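Student: Please take a close look at one part of this structure. Pick a spot and go through its surroundings.

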Amino acid sequence: MTIFEQFEKIGIIPVVVLDDPKYAENLAKVLCENGLPCAEVTFRTAAAEESIKIMSAKFPEMLIGAGTVLTTEQVDRAINAGAKFIVSPGFNPKIVKYCIEKNIPVTPGTQTPSEMEQALELGLKVVKFFPAEPSGGLNMIKAVAAAYVNLRFMPTGGINAKNVRDYLAYSKIVACGGSWMVKKDLVNSENWSELAKLVREAADIVKEIRG
């Protein structure tokens, strides 16, 4: 399966912010054992690179990528650490072209028709829609999808257990990004049982909507 086929199968992509790589292995274990064997580890913290390294080594079957990637140098660091895909919050043509040249799956953030057209021009078929809820949510996605029939979306931002069903039910949505099942305070307090419960609930929603 391609990366995007794997995204579609998993349905919900946990967006992970780790303050310390010591949490990486246990969090990856919780995700794999409870139905969401995937993580977009954001480069917002200094722990990201080492966390990706640990997760990739301990759970090679897991789909691990890097999020909030803002420079080509971060692309290199993420891929060298074991990331299999790159996600950026906005549409940076330099990063997108760099990833395409190196055959690295990349999902740039888009919000406007102009950014979506730039993505299509570069040959992308899937884009992130960010921040999803503040930017009009599913109604906005449906409106632009009518014009860009070959484009599919991975909305992130403001998505939670209450609204994710509506997104997942729409055929143009590959997967949704969310952090509600990997809450930072639960990770930092090492409350693995509560995290496992939230991850299971999210995985069950995917099964409920997509079978």
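Tutor: What follows covers one lysine, then a helix pair. This is a predicted model, where local features need pLDDT of at least 70, side-chain atom pairs count only at pLDDT 80 or more, and totals for chains, interfaces and linings use all residues. Residues are numbered from 1 along each chain as its sequence is written, and side-chain values use heavy atoms, with hydrogens and water left out.

Start with lysine 84. Lysine 84 sits in the loop between α4 and β4 (86-87). Helices (H or I, at least four residues) and strands (E, at least two) are DSSP runs, numbered from the N terminus. Lysine 84 has a relative accessible area of 33%, so it is partly exposed (buried is under 20%, exposed over 50%, partly exposed in between, with a 1.4 Å probe and protein chains only).

Now its contacts (heavy atoms within 4.5 Å). Beyond neighbours within four places in sequence, lysine 84 touches Ile3, Pro60, Met62, Leu63, Ile64, Gly65 and Pro105. A polar atom of the lysine 84 side chain lies 3.3 Å from the backbone oxygen of methionine 62. Proline 105 is 21 residues away along the chain, yet the two C-alpha atoms are 7.3 Å apart.

Next, α4 itself. The axes of α4 (residues 72-81) and α3 (residues 48-58) come within 8 Å and cross at roughly 25 degrees. Axes are lines fitted to C-alpha atoms over the stretch in contact, with angles from 0 to 180 degrees between N-to-C directions. So α3 is roughly parallel to α4 (angles under 35 degrees). Glu49, Ile52, Lys53 and Ser56 of α3 meet Arg77, Ala78 and Ala81 of α4.

Technical notes
Angles under 35 degrees count as roughly parallel, over 145 as roughly antiparallel, 65 to 115 as roughly perpendicular and the rest as oblique. A polar contact is a pair of N or O atoms within 3.5 Å; within protein, one must be able to donate a hydrogen and the other to accept it, and residues adjacent in sequence count only if both atoms are side-chain atoms.
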